[in-house]
Amino acid sequence: MIGDTPLLQLRGVTPHLAGGVEVYAKVEGFNPGGSVKDRPAWNMVRRGLEDGHLRPGKTILDSTSGNTGIALAMIGAALGYPVKLVIPANASRERLRVIAAYGAEIVESDPMEGSDGSIVLAKKMFDADPDAYFKPDQYYNPANPEAHFLTTGPEIWEQTAGRVSHFLATIGTSGTVMGCGRYLRSRKPEVEIIAVEPDDAFHGIEGLKHMGSSIVPGIYDESGFDRKVGVATDAAYEMVYELAAKEGLLVGQSSGAAVVAALEVAAELQSGCVVVVLPDFGDRYLSTNLWTGWRDRHELAAAEENQ
Ligand code: PMP
C-alpha cells in the first residue's frame with residue numbers, strides 16, 4: 001500500500017500564472033502511515049532485512065521528528081519487530097499518540113534541542129548497546145534517497161508522461177529531493193531540481209531543517225539540486241490556509257512551504273510543468289501552533305485593525 005500516490009493539478013492557487021504553466025502536487029498523505037516517509041522507512045527496513053542487520057531479537061531504534069517514526073512504528077508492527085523512537089518532547093500530540101497506538105515506545109528528548117537533540121540521544125542509546133538495535137539512521141542511510149529514486153521519482157515521471165520541467169521538495173533529511181532529483185535528472189538532464197528550506201533557524205515548519213544551523217545529514221549533497229529556496233514560516237502557514245480553502249486540500253506546514261516555493265518558481269515561467277511534493281495531510285497538526293496559536297492571534301490582530 002506504500003507509494004503510487006496521486007498527482008493533483010493545483011488550480012485554485014494558480015490562476016495568476018502564465019497560461020502555459022501547470023503546477024502538480026504529489027499528495028503523499030495518501031500513504032498508509034500518512035506521509036512521504038513511509039517510502040524510505042520501508043526501504044531502509046527492507047534493506048536491513050536483506051543484509052542481515054535487522055533480524056529477530058532486534059529492536060528498531062531511530063530519532064525522528066515524527067513522520068518517519070509513524071512509518072517505522074507501522075512497519076515494525078506489521079512485521080513483528082519492536083520499535084523505539086527518540087522524539088523532541090514538543091512534537092505534535094497527534095503524532096505521539098499515533099506512534100503509541102502502533103505499540104512503539106517513545107523516548108522524549110529536550111524540546112529546546114529540536115531534532116538534533118533526538119539524533120544525539122538516539123546515537124548514545126545505540127552506542128550503549130549496539131547488538132540490541134537496528135538503527136535505520138535516515139540521515140545517513142542511502143536506502144532513504146534510494147526509496148525515492150526507485151518509487152517517487154519514477155511515479156512522477158510516468159504521471160507527467162515525462163513533461164516535468166521543474167521539481168521541488170522540502171528538506172528534512174533531504175532524502176526526497178536527493179532521490180527524486182537523481183532519478184529525474186537521469187531521465188531528463190535539463191529538469192530543474194529545487195530544494196525548499198525554512199528561511200530561518202527558528203522556524204515553525206515541522207519536519208524541515210534549516211541547513212545552515214543544523215547537523216547536516218550525511219545523504220545531503222548540494223550538487224543534487226540546482227537551487228535552494230527559503231520560505232518564511234508565516235508564508236508557509238498562510239499557504240496551508242489557502243490550500244484548504246481554495247483547493248480543498250488540508251496539508252501540513254511543510255506542504256505549505258513547498259507550495260509557496262513552487263508558486264515562486266512557477267511565476268518566473270511562461271511555460272512549464274512544475275511538480276511539488278506535499279509530504280503529509282494537515283489533520284495531524286490541528287493541535288499545533290499552525291491552527292491553535294498563530295492563526296488565532298492573526299485573526300485577533302485583523303479584527304482589531306478593522307475596529
Ligand atoms: N515534511 C515533513 C512533514 C516531514 O516529516 C519530512 C521528513 N522529516 C519532510 C517534509 C522532509 O522530507 P525529507 O526527509 O525527505 O527531506
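Modeller: Buried means under 20% relative accessible area, and exposed means over 50%. Keep those cut-offs at hand. This is a predicted model.

Biologist: How many residues of strand 4 are buried?

Modeller: Six of the six. Strand 4 is therefore largely enclosed by the rest of the structure.

Biologist: Which residues point each way from strand 4?

Modeller: Val 83, Leu 85 and Ile 87 point one way. Lys 84, Val 86 and Pro 88 point the other way. Every one of these is buried.

Biologist: Now the sheet. In what order do its strands lie?

Modeller: Four strands form an open sheet, in the order 5-4-3-6. Their pairing is parallel. Strand 5 (105-109) and strand 6 (133-134) stand at the edges. Each has a single partner strand, so one side of each is left without a neighbour in the sheet.

Biologist: How many bridges join strand 4 to strand 5?

Modeller: Five, and the two strands run parallel. Strand 4 covers residues 83-88. Follow its residues across to strand 5. Ile 87 has Glu 108 as its bridge partner there. Leu 85 stands opposite Ile 106 in strand 5.

Biologist: What about strand 3 and strand 4: how many bridges do they have?

Modeller: Four, again in the parallel sense. Strand 3 covers residues 59-63. Asp 62 stands opposite Leu 85 in strand 4.

Biologist: On to pockets. What is the volume of the largest pocket?

Modeller: About 1100 Å³. Its lining has 50 residues. Ser 115, His 203, Ile 205, Gly 207 and Leu 208 lie nearest the centre.

Biologist: Which helices and strands each supply at least two residues of that lining?

Modeller: Go along the chain. They are helix 2 (67-79), helix 3 (93-101), helix 4 (114-128), strand 7 (166-170), helix 6 (175-187) and helix 8 (253-267). Helix 4 gives the largest share, with three residues.

Biologist: Which domains does the lining draw on?

Modeller: At least three residues come from each of domain 1 (7-36 + 148-293) and domain 2 (38-134).

Biologist: How do the residues of the largest pocket's lining divide by type?

Modeller: There are 27 polar residues, 15 nonpolar and eight charged.

Biologist: How much space lies in the second largest pocket?

Modeller: About 150 Å³. Its lining is Ile 119, Lys 123, Phe 126, Lys 135, Asp 137, Tyr 139, Tyr 140, Ile 215 and Val 216. By type, six are nonpolar, three are charged and none is polar.

Biologist: Next, cysteines. How many disulfides does the structure hold?

Modeller: Start with the idea. A disulfide is a covalent bond between the sulfur atoms of two cysteines. The sulfurs must lie within 2.5 Å to count. This structure holds zero disulfides.

Biologist: Is Cys 180 buried or exposed?

Modeller: Buried, at a relative accessible area of 0%. Cys 273 is buried too, at 2%.

Biologist: Show me a residue in a helix. Where is Ala 261?

Modeller: Ala 261 sits in helix 8. Ala 261 is buried, with a relative accessible area of 0%. Ala 261 and Arg 182 are 79 residues apart along the chain. Their C-alpha atoms are separated by 20 Å.

Biologist: Last, backbone angles. What is phi of Asp 4?

Modeller: Near 50°, a positive value in a residue other than glycine. Asp 4 is in the segment before strand 1 (7-9). Its relative accessible area is 69%, so Asp 4 is exposed.

Biologist: And what is phi of Ser 174?

Modeller: Near 85°, also positive in a residue other than glycine. Ser 174 is in the loop between strand 7 and helix 6.

Biologist: Does Ser 174 count as buried or exposed?

Modeller: Use the cut-off. Ser 174 has 1% relative accessibility, so Ser 174 counts as buried. Asp 4, in contrast, is exposed.

Terms used. Residues are numbered from 1 along each chain as its sequence is written. This is a predicted model: local features need pLDDT of at least 70, side-chain atom pairs count only at pLDDT 80 or more; totals for chains, interfaces and linings use all residues. Side-chain values use heavy atoms; hydrogens and water are left out. On a 1 Å grid over the protein atoms alone, a cavity is a set of points where a 1.4 Å probe fits but cannot get out, and a pocket is an open set with protein on both sides within 12 Å along at least five of seven lines; lining residues have an atom within 4 Å of a point. Grid points are joined across faces, edges and corners, and a volume is the space filled by probe spheres set on the points. Ala, Val, Leu, Ile, Met, Phe, Trp, Tyr, Cys and Pro count as nonpolar, Asp, Glu, Lys and Arg as charged, and the others, Gly among them, as polar. Domain bounds come from an automatic or database domain assignment. Buried means under 20% relative accessible area, exposed over 50%, partly exposed in between (1.4 Å probe, protein chains only). Two strands pair if DSSP finds at least two bridges between them.
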